[in-house]
Amino acid sequence: MGEGTAVSGYRGPVPGSGGEPVFPVRVSRTGPATSYGGFANSGYIHEVVVQQAPREPAPWPHQVGAIPAAAQSFQHRTEANRLREAVEGGGTAVLSQVLTGMGGVGKTQLAADYARTAQGEGNLDVLVWITASDRSSAVSGYAQAGIELCRADPDDPEQAARTFLAWLAPKAGQQPCRWLIVLDDVADPNDLIGHPENPGNHFSLWPPASPHGQTLLTTRRRDAALFGQDRRRIDVGLFTPAESAAYFTAALHAQHRADPEDQITALAAELGHLPLALAQAAAYLLDAGITAAGYRDLLADRATHLADLAPDSLPDEQATALAAAWSLSLDRADSLRPAGLARPMLHLASLLDANGIPQTVLTSEPARLYLVAHRTATDPGPTRPAEPWQSGPEKPSPVTVPEAVGALRSLHRLSLISHDPSTPHPTVRVHQLIQRTTRDTHAPDQHHEVARTTADALTETWPEIERDADLGQALRASTAALIRHAENALYRPDAHEVLHRLGESLSGSGQVTAANNYYEHFADTVCRHLGPDHPDTIATRSILASSRGEAGDVAGAVEASADLLEHMVRVLGPDHPSTLITRSNLAHWRGEAGDVAGAMEAFADLLADQVRVLGPDHPNTLITRNNLTQWRGEAGDVAGAMEASADLLADQVRVLGPDHPNTLITRSNLAHWREKAGDAAGAMEAFVDLLERMERVLGPDHPNTLTTRNNLANSRGEAGDVAGAMEASADLLADQVRVLGPDHPNTIATRNSLAYWRGEAGDAAEAAEAFADLLADQVRVLGPDHPDTLATRNSLAYWRGEAGDAAEAAEAFADLLADQVRVLGPDHPSTLITRNNLAYWRGEAGDAAEAAEAFADLLADQVRVLGPDHPNTLTTRNNLASSRGEAGDVAGAMEASADLLADRVRVLGPDHPDTLITRSNLVYWREKAGDVAGAMEASADLLADRVRVLGPDHPDTLITRNNLAQWREKAGDVAGAMEASADLLADQVRVLGPDHPDTPPNAP
């Protein structure tokens, strides 16, 4: 025989084997055998059992399993610091740590970096890295450690795993072992939990607690079972923008590439700062030889799927392309209870705003109907029997709101979305690339259905009154996202209602410029999809015209309305209801553009046609009567407006009922015209009654209710209760900010009122400051040329003058006038008002002659534009008379005031506040002319009328008492003057306060 072993019969123990047979063999029918370095046999072998000598445990330090290689351009992140915090500082017991987050955020790389660092620092005796994507893989990893470190039997993996886990537990008298177990990519918490009743899963795979050991687990799951006592959760998020830029720059520089910083930053943002996406995008850039800008173009192309942008060879030993990174997670989410709903839920979320979708949208009835129809086919869910009269298969049971929430929770548990149901208004966040991947799976018909469903869900969720500003913003953002992802579907078969709701929300929240820009796009798109004559196209053009006016482009609104009217007459005919509505809009914007007479005429003509076509009691006919009344009042016929409002109110109560919104609006208008007619007390009483009705019918937070509160506050101020007006305006402002938001036009209007009443209360400097703050916000929200912005500039200039800087006020009015002429035109009522104010403050600045000349020029234009009896024309006559007197022509001032008084009595009535002001001015000029006795007698008569009309505490009444005291002193009745002044002072301190400018200084 040669070298080796030759057997021809039974062989017993081999010397040197420790008495233990190495080759126990039974052989029969033997013959000669020759071996050359192995085993030879010439007979029949009945049984062979080979048993090697036991393997010695591996020496420390020892590693089991391969740590993944470090990614190129690896970024040190905050999460790495948090991992180290648990073991630094000399602590004895180390908590298990769980890295959780969506697929692709770099959990494995963070764990690998931590393991390599701990190993390199010499802090470990044993490191075990296990890819634990299922229980079998985890058991195999533990078994390998048991074989290498514990002499475990390799033929029994489960026993080997248990042996190793038992070995990890600290034991008295044994040398401590510093170990780190990494369980990477745990897909199901149940894989780690022992279930004695389940033969395939009968012991826990969690390493035991040890003062010397560490456990690090990575997973996409967020199940509560993974966390808790002694398990520290670390949420792994996305790269920061700085980390993303650093990663891209390093990856490209490594291949001697450099792209513009702004393109790299933009691409990182478009990839959502997801590490996996950045790595694969960088590889694609290098492989394809394209720039970051070119990749962005591909990414923006909706026809390009995300899978098309993966490199042929994945970087960093990655096993999965980005487009498939979440496929397994979605399969697992769909298997969780309520089974089959996670996938269709993610389809709905894929078209909405990634940064925050209101839960109510995804649990709305349209969304739940979609979940029923598209429940995963592998588990159709529960069914309900068909009704006795129905035939066919059983129908799926409806999906309840809790079940829809359950679908969101399933997606959350797999880190496919972020969802916190404990907040007052739960929202859903989902990474934009998960959305993109989900959308890429849509067939055309499915994409259309999902888009229309999400549009239905948004529409149903959208409140008619947006009391919650955050909800309104979230709905607008999701609708904008839906338009970006699936705009075509929203115009087939017609323009979806959600398109209108978005524009209404933008306008209603005060974003008039954004609303106008949106309607420009909406009108162009609906025309392209449905044609110029489609009703949706015509309706959108009408809304666009109004939106232009609301944004401050009144001339553009007139032009757009006129063009639309011509088109509608051709397409629909002159008597179509929509044509008549467009005529109404055109008339309105003509009036807003300054053509008050033209607006009145147009509304009168429209009213005649509506009575003929629709009938006198049609709601639209009644609305036109209201509009005609409004412009009559604006034209100066306050008495006529008040009478027409009263007649209209009676008909609306009869036709619509006393609580109809339009009826309530007419009540408000009637109260307004009463106030303009001088009946401040009656107006205040009417607004109080109206407010009670509004709160009962519409609720305390309805915009119309809040507007009525503003009107009531102003009427209180006009009636002399300035302090009450301030307090009411301040209370209202807080509610409007809460309900409507700080930038809503009505909120801004209340800020305007509050600033005004502060000034009227005597604090001109504070009023000016408030108007300056308001102006800054209006420029931001409305733009510098919006009519409301220009009006605030008017108020700011006025109160700066009242605060003592007449020259600055005059300069500000001059600047404002130039802008108003440019924006509104020279004949616009607001432009004419600014000319009046400019002339006044020039006079206050000391140039009375120039002021008189400016008033005279203005008066001629107002007579031409507004008519001789318009309230603004009469006001200019009053100012002209005063400036003449200040320039030295006292006789002329007195004569002009007397003439004006006659006209004001004729036009406004003897008790109108403006009429009483003219009487006061006439008294003043009589005294200046030397007729002290006549002035004193006239002041006494005026005082009696002001007490009767305005009340004893009205500021104008107090001014008349002050003037009367002065005339008495000049007439020689010093004692009577002193007594009257003392009485007046007490009332001024009580009513106005000691610091009011009209209260004498040093008042107690």
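**Cores and rings**

Phe248 is in contact (heavy atoms within 4.5 Å) with residues including Ile264, Leu267, Leu271 and Leu285, leaving aside neighbours within four places in sequence. This is a predicted model, where local features need pLDDT of at least 70, side-chain atom pairs count only at pLDDT 80 or more, and totals for chains, interfaces and linings use all residues. Residues are numbered from 1 along each chain as its sequence is written, and side-chain values use heavy atoms, with hydrogens and water left out.

Phe248 is also among the residues with the most contacts inside the largest nonpolar core, which has 101 residues. A nonpolar core is a set of buried Ala, Val, Leu, Ile, Met, Phe, Trp, Tyr and Cys residues joined through side-chain atoms within 4.5 Å. Buried means under 20% relative accessible area, exposed over 50%, and partly exposed in between (1.4 Å probe, protein chains only). A second, separate core of 29 residues includes Val64 and Ile130.

Now look for the rings: the whole structure holds 15 aromatic pairs. Rings of Phe, Tyr and Trp (its six-membered ring) pair if their centres lie within 6.5 Å; planes under 30 degrees apart are stacked, over 60 edge-to-face, and the rest tilted. Trp60 and Trp167 make an edge-to-face pair, 6.2 Å centre to centre with 70° between the planes. These two residues are 107 residues apart, so the pair links distant parts of the chain. Trp60 counts as partly exposed because its relative accessibility is 31%, and Trp167 is partly exposed too, at 23%.

Definitions and conventions. Helices (H or I, at least four residues) and strands (E, at least two) are DSSP runs, numbered from the N terminus.
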